[in-house]
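This report reads a single protein chain from its overall form down to individual residues. Please keep the sequence and the model in view while reading.

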Amino acid sequence: MVQQMKDYDDKKLKSVTKEGLDLEDTDDEKKKREEEKAKFESLCKLMKDILGDKVEKVVLGQRIDESPCVLVTSEYGWSANMERIMKA
């Protein structure tokens, strides 16, 4: 639905299954996130090297709380369901 309906009640809708989800953060949260990104940069690079062509990139995110990872679609790419339909 979010792919067709871009906004509702003057609020822009965005799919949470795509990259680029931007939650409004305070300056302290943004600074903490940048520090975490720098801290885990080598781990992300190692994971990308291990996974190779199976993933486009590996980045640190903030959208999940209890799971170690999440797979997301690129911002302008197909959703997982659309990719499944096209492969069929």
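## A salt bridge within a helix

Asp49 counts as exposed, at 53% relative accessibility, where buried means under 20% relative accessible area, exposed over 50%, and partly exposed in between, computed with a 1.4 Å probe and protein chains only. Lys45 is likewise exposed, with a relative accessible area of 55%. These two residues form a salt bridge in which the closest N and O atoms are 3.8 Å apart, the term meaning a side-chain nitrogen of Lys or Arg within 4 Å of a carboxyl oxygen of Asp or Glu. Both residues belong to helix α2 (residues 41–51), where they sit four residues apart, about one turn of the helix. The search of the whole structure finds one salt bridge.

## Basis of the model

The model is predicted, and local features need pLDDT of at least 70, while side-chain atom pairs count only at pLDDT 80 or more, and totals for chains, interfaces and linings use all residues. Residues are numbered from 1 along each chain as its sequence is written, and side-chain values use heavy atoms, with hydrogens and water left out.

## Overall form of the chain

The protein chain has three helices and two strands, which follow one another from the N terminus in the order β-β-α-α-α. Helices (H or I, at least four residues) and strands (E, at least two) are DSSP runs, numbered from the N terminus. The C-alpha trace spans about 40 × 35 × 20 Å along its principal axes. Its radius of gyration is 16 Å, whereas a compact globule of 88 residues would have a value near 12 Å; the radius is taken over C-alpha atoms, and the globule rule is 2.2 Å times the number of residues to the power 0.38.

Of the 88 residues, 6% count as buried. The chain exposes about 8400 Å², of which carbon and sulfur atoms supply 53%, with accessible areas taken from the Shrake-Rupley method with a 1.4 Å probe and, for residues, only the protein chains shown counting as cover. Among contacts (heavy atoms within 4.5 Å) between residues at least 6 apart in sequence, 49% join residues at least 24 apart.

## Charges

## The loop between the strands

Asp9 lies in the loop between β1 (7–8) and β2 (11–12), and Asp10 has its place in the loop between β1 and β2 as well. Asp9 has a positive phi of about 55° although it is not a glycine, and Asp10, also not a glycine, has a positive phi of about 60°. Asp9 counts as exposed at 62% relative accessibility, and Asp10 counts as exposed at 80%.

## The loop between α2 and α3

Val58 is found in the loop between α2 and α3 (80–87) and is partly exposed, with a relative accessible area of 24%. Leaving aside neighbours within four places in sequence, Val58 is in contact with Cys44, Met47, Lys48 and Leu51. From C-alpha to C-alpha, Val58 and Lys87 are 24 Å apart in space and 29 residues apart in sequence, while Leu51 and Ala80 are 19 Å apart in space and 29 residues apart in sequence.

Trp78 also has its place in the loop between α2 and α3, and with a relative accessible area of 48% this residue is partly exposed. Its contacts, leaving aside neighbours within four places in sequence, are with Lys18, Thr73, Glu83 and Met86. The C-alpha atoms of Trp78 and Met5 are separated by 16 Å, although the two residues are 73 residues apart along the chain.
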